[in-house]
Amino acid sequence: MEENIFPTYYVSWRKSWCYNFFSISAWFLLEHEQTVKNSLRRIWLMEKEVLFWSLYLACLYLIFAPSEISKILLMKSFAPLNMNVWWYATVYATFLALLPFLPKGLKALGRNNHLILATITLVIWGVRSFIPDMMGDLPGAFGFIYVFILISAYKWYIHPFTAKQIWLMIGLGFCFFILYTLASVCLSLFGYHVGIYIAGDWKLPIIMIGFGLFLLFSRITIHSRIINRIAQAAFGVYLITDYEASEKLLWQRWFNLEYL
């Protein structure tokens, strides 16, 4: 079997979670006109939350587990957004800085050109992603812009998918993922450790599954204070568990799941 198969699934789960989180944000951001002032305010609010957790976690590890935190991570914790302590937070902040101009530019393209642009990007970074080494991962905020182009095209110009179409999209995404996983395991038996390539950043199956799940739940109207409280805490949970020192402690020492 493959030597280190769990981290690949863990990264895939994180990417799918982050994709869904971004999809929710992008969907509702498209409903209102975005200004530079509002974007900077969102960045500032996120900066304060991220800075709180980075300093809190740094102090916590310095006191109770100093061997788990490096000097470099400690220095980065004083400027988490700029130092990319959490990739999602840094990339999302970059996207927010560009947000006031993206919808205006896409609207100026018009329906036909926008759909053509979405098709071209889907072919370049979607269809071609099925071929290993054909293309690298999308750098930084460009992945968010790519997804934003697709979501805005769907929201503005495409007739909403039916439940059957959504389930078909999710099912195909899972089939592709399972197919590549089985192929990877079979190749590893013959000494070719190629990894589960299709689980990487912004690969098409991840987008199909993530966006399909989002569309399903977007049809459900739920008003619950408990769910809202849990949702508000979700970003904090991500920051705690995705902190570099926490990853070592959780996924290498306490819960080393790769051996399962």
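How many helices and how many strands does the protein chain have? It has 10 helices and zero strands. Read from the N terminus on, the elements run α-α-α-α-α-α-α-α-α-α.

A word on confidence before the details. This is a predicted model. The mean pLDDT of the protein chain is 83. Of its residues, 85% reach 70 or more. Where is confidence lowest, and where is it highest? Lowest is helix α1, residues 5-29, with a mean of 66. Highest is helix α2, residues 36-64, at 93. Look also at residues 1-9, where the pLDDT is below 50. Beyond near neighbours in sequence, that stretch has 23 contacts in the model.

Now the chain as a whole. There are 260 residues, and buried ones make up 43% of them.

On to helix packing. Two packed helices are described by the angle between their axes and the distance between the axes. Start with α7, residues 163-189, and α8, residues 204-218. They pack at an angle of about 150 degrees. Their axes are 8 Å apart. Are α7 and α8 roughly parallel or roughly antiparallel? The cut-off for roughly antiparallel is over 145 degrees, so α7 and α8 are roughly antiparallel to each other. The crossing of α7 past α8 is left-handed.

Which residues meet there? On the α7 side we have I166, W167, M169, I170, L172, G173, F174 and F176. On the α8 side we have P205, M208, I209, F211, G212, L213, L215 and L216. By class, this contact of α7 with α8 has 14 nonpolar residues, two polar and no charged.

Helix α8 has another partner to show you. That is α6, residues 142-157. The axes of α6 and α8 come within 13 Å and cross at roughly 40 degrees. That angle makes α6 oblique to α8. The crossing of α6 and α8 is right-handed. From α6, the contact uses Y146, V147, I151 and Y154. From α8, it uses I207, F211 and L215. The contact of α6 with α8 counts seven nonpolar residues, no polar and no charged. Note F211 and L215: they are listed in the contact with α6, and they are listed in the contact with α7.

Now some single residues. First, S39, in helix α2. Is S39 buried or exposed? The relative accessible area of S39 is 2%. Buried means under 20%, so S39 is buried. What does S39 touch, leaving out residues up to four places away in sequence? The answer is L96, L99 and P100.

Next, the loop between α3, residues 71-76, and α4, residues 87-98. A79 is placed in this loop. With a relative accessible area of 26%, A79 is partly exposed. A79 and V50 are 29 residues apart along the chain. Their C-alpha atoms are separated by 9.1 Å.

N84 lies in the loop between α3 and α4 too. At 42% relative accessibility, N84 is partly exposed. Now its backbone. Most residues other than glycine have a negative phi. N84 is not a glycine, yet its phi is positive, about 60 degrees.

That's the tour. Over to you for discussion.

Note on methods
Residues numbered from 1 in each chain as written. Predicted model: local features only at pLDDT ≥ 70, side-chain atom pairs only at ≥ 80, totals over all residues. Heavy atoms only, no water. Helix = DSSP H or I, 4+ residues; strand = E, 2+ residues; numbered from the N terminus. Buried < 20%, exposed > 50% of the residue type's maximum accessible area, 1.4 Å probe, protein only. Axes fitted to C-alpha atoms, helices over the stretch in contact; angles between N-to-C directions. Parallel < 35°, antiparallel > 145°, perpendicular 65-115°, else oblique. Left-handed = near helix turned anticlockwise from the far one by under 90°. Contact = heavy atoms within 4.5 Å. Nonpolar A, V, L, I, M, F, W, Y, C, P; charged D, E, K, R; others polar. pLDDT = per-residue confidence, 0-100.
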